[in-house]
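Here is a brief report on domains, chain contact and nonpolar cores. Keep the structure open while reading.

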Amino acid sequence: MAKKPVVNHMGKRETLGRHIIKNWQLYLMLLIPVVYYLIFRYTPMAGNVIAFRKYSAGGEIFGSGDWTLRFFDFFGKRRFRLTLLNTLRINIKYLLVRFPATLIFALLLNEIHHLRAKKLVQTVSYLPHFISTVIVVGMIKELLSTSGPINALIALRGGAKISFVMKPEWFDMIFVGSGIWQALGWGTILYLAAISNINPTLYEAAEIDGASHFQRVLHVTIPCIMPTITTLLILDIGGLVGSGGAFEKVQLLLNGNIKDVADILSTYVYDLGIGSKTPSYSMATAIGLFEGLVNLILLTIANLVSRKTAGSSLW
Amino acid sequence: MNRAEVKGTTAIHNNPVRIRESRGYRTFTVFNTIIMILISAVTLYPFLYLAAQSFSSQEAIRDGLVSIWPVGFNIDTYETVLKKGDFIGYYGNTLLYTAVGTTFSLLLSAMLAYPLSKKSLRLNRFLTPFIVFTMYFGGGMIPNYVLMTRLNLIDNLAAFVIPSLISTYYVLLMKSFFAGVPSELEEAGEMDGLNKFGVFFRIVLPLSMPIMATMLLFYAVGYWNNWFNAFLYIKTKAKWPVAYYLKTIISGTNDATQASESGGSIAANLKSCCMLLMAVPIICVYPFIQKYYVQGMMLGGVKE
């Protein structure tokens, strides 16, 4: 028994078979999770083949049928172009507001020196992250309803009541605003972690050099947390065409009046495949595949650019 | 060890900044304080509003009189909701799904993360990319749906749990934590005659309570809040979780005046009451694990 570490140390020499036998317990632990990934992650990935074959409910996923590209003719469809543009528009707007907002909030939080007050603000600001999208949308609808407090405020100032969630011109504001409410606090965690890892002597040196408080933030804090900033930015850029977190909220907010601005790729995919009485699974999958591939390409490009210019990357 | 390090640096950093506060900085501090109070108020207001509505009379809400305090205070809404059997039923379903789902999620994620954290395990060279790739690309909504329907899991608890059983991101966080457990302790355990399962369950897991508590919270919140899996796979009303029931009552129009779908006709105080009852357990639990999950999230920021 006592010999074990020594054998471990010469691990490179042992054959793969011996290595597996020696570590069989660890490999056994991996078995169920790996099977899970094969069935519930990789099978759906391979299931994307139904984008290239006619698939109808109850059919074989990997069954026969002629290969075809006709399900990719969605490129010519009006709703596709509309949803693609809507997806890009709301994602870019949301990113442009959320990204600086969380960074600034983190920097401001860092200037709160009363530790208990700081922790209290943090606790409060994390709360929305844990709240279900269903409740978030329920809150939006209650707060913005014609009998809600916002309209009461408008009425108080003599304005006409606005049925916000039915008005296309208000959709972006609602989507971005509620997103900030949800993400602002949670988004600061990684920044604050990065800030707390900055070597304090850097601040001391900057102070000796006569740097003002603001200059220290600009020339010490921000450069030091740049790797975190770029990593988060890469991930966000990789999600620009995707609807990841947006899907649930949009699906819950969507109504006939705002369809032209709020309909996004994933609600289109949903309608075509699952929400339809005459589902077109193959085309819905084709659109989903397009979305996934474009995201993957965007992520790869963002990662490459970041590695070349900023020297930090995901892989 | 990790904990002490993080705490230490926070403390150190908070001191030097205090030295010599200029006048400009003091003005800034005042503004900063105001901003923090505003952000906290805006964050909390929707909850207060729901609470006020849930204790208000329907007439007061319709006339737009409720803004922060209940008007026409009553607890009838709560009585209605809690006495009517179906809400309690949905709540019970949520509890069951969350308990079962979280248990399996924690177990399977730990079983994956622990071997992955071992640098000496040679197959990890293939397994890590195998796992990580699914974060960046996967089957879309339709292939997943088709698979689940083909497996005949409709209306089954498994259909609710399986799609979110293992989160790759959480596995990577756990892996970073396990990798930080001193290997000397594990070796000592092996010398005392524990096999690798024993080392994992009796030495590594007890030392990993911070990450396990974090994962418990994250997975439990995920199941608790999930309405979409139920929407897709749970067809029988009696099996709905509370999140999906909420979806059915809030969807449709928001306007009390324009009831176009089923959602419109349900009273606002009833909706608010249900929303609050669903949020309360989370509100009560998350602050107490804050220390752990903040630390847990940091593991994701530190690249290996």
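## Domains, interface and cores

In this predicted model, eight residues of domain 1 of chain B are in contact with nine residues of domain 2 of chain B. H2 and helix H3 (58-62) of chain B each supply at least two residues of the domain 1 side. H2(B) gives the largest share of that side, four residues. By class, the domain 1 side has three nonpolar, four polar and one charged residues.

Next comes the contact between the chains. Chain B puts 92 residues into it, and chain A puts in 88 residues. On the chain B side, helix H2 (residues 23-54) gives the most, with 12 residues. That side of chain B divides into 54 nonpolar, 27 polar and 11 charged residues.

Now the cores. In soluble globular proteins, nonpolar side chains tend to be buried together. Here the largest nonpolar core has 128 residues. Those with the most contacts inside this core are A:Ile135, A:Val269, A:Ile287, B:Met174 and B:Leu246.

Which residues does B:Met174 contact, leaving aside its neighbours within four places in sequence? They are B:Ser109, B:Ala110, B:Ala113, B:Ile211 and B:Met215. Another core, of five residues, lies apart from the largest one. Among its members are B:Phe55, B:Ile61, B:Val66 and B:Ala268.

Conventions. Residues are numbered from 1 along each chain as its sequence is written. Chains are lettered from A and ligands numbered from 1 in the order in which they are written. This is a predicted model: local features need pLDDT of at least 70, side-chain atom pairs count only at pLDDT 80 or more; totals for chains, interfaces and linings use all residues. Two residues are in contact if their C-beta atoms, placed from the backbone, lie within 7 Å. Ala, Val, Leu, Ile, Met, Phe, Trp, Tyr, Cys and Pro count as nonpolar, Asp, Glu, Lys and Arg as charged, and the others, Gly among them, as polar. A nonpolar core is a set of buried Ala, Val, Leu, Ile, Met, Phe, Trp, Tyr and Cys residues joined through C-beta atoms within 7 Å. A residue is buried if 20 or more other C-beta atoms lie within 10 Å of its own, exposed if 12 or fewer, and partly exposed in between; C-beta atoms are placed from the backbone.
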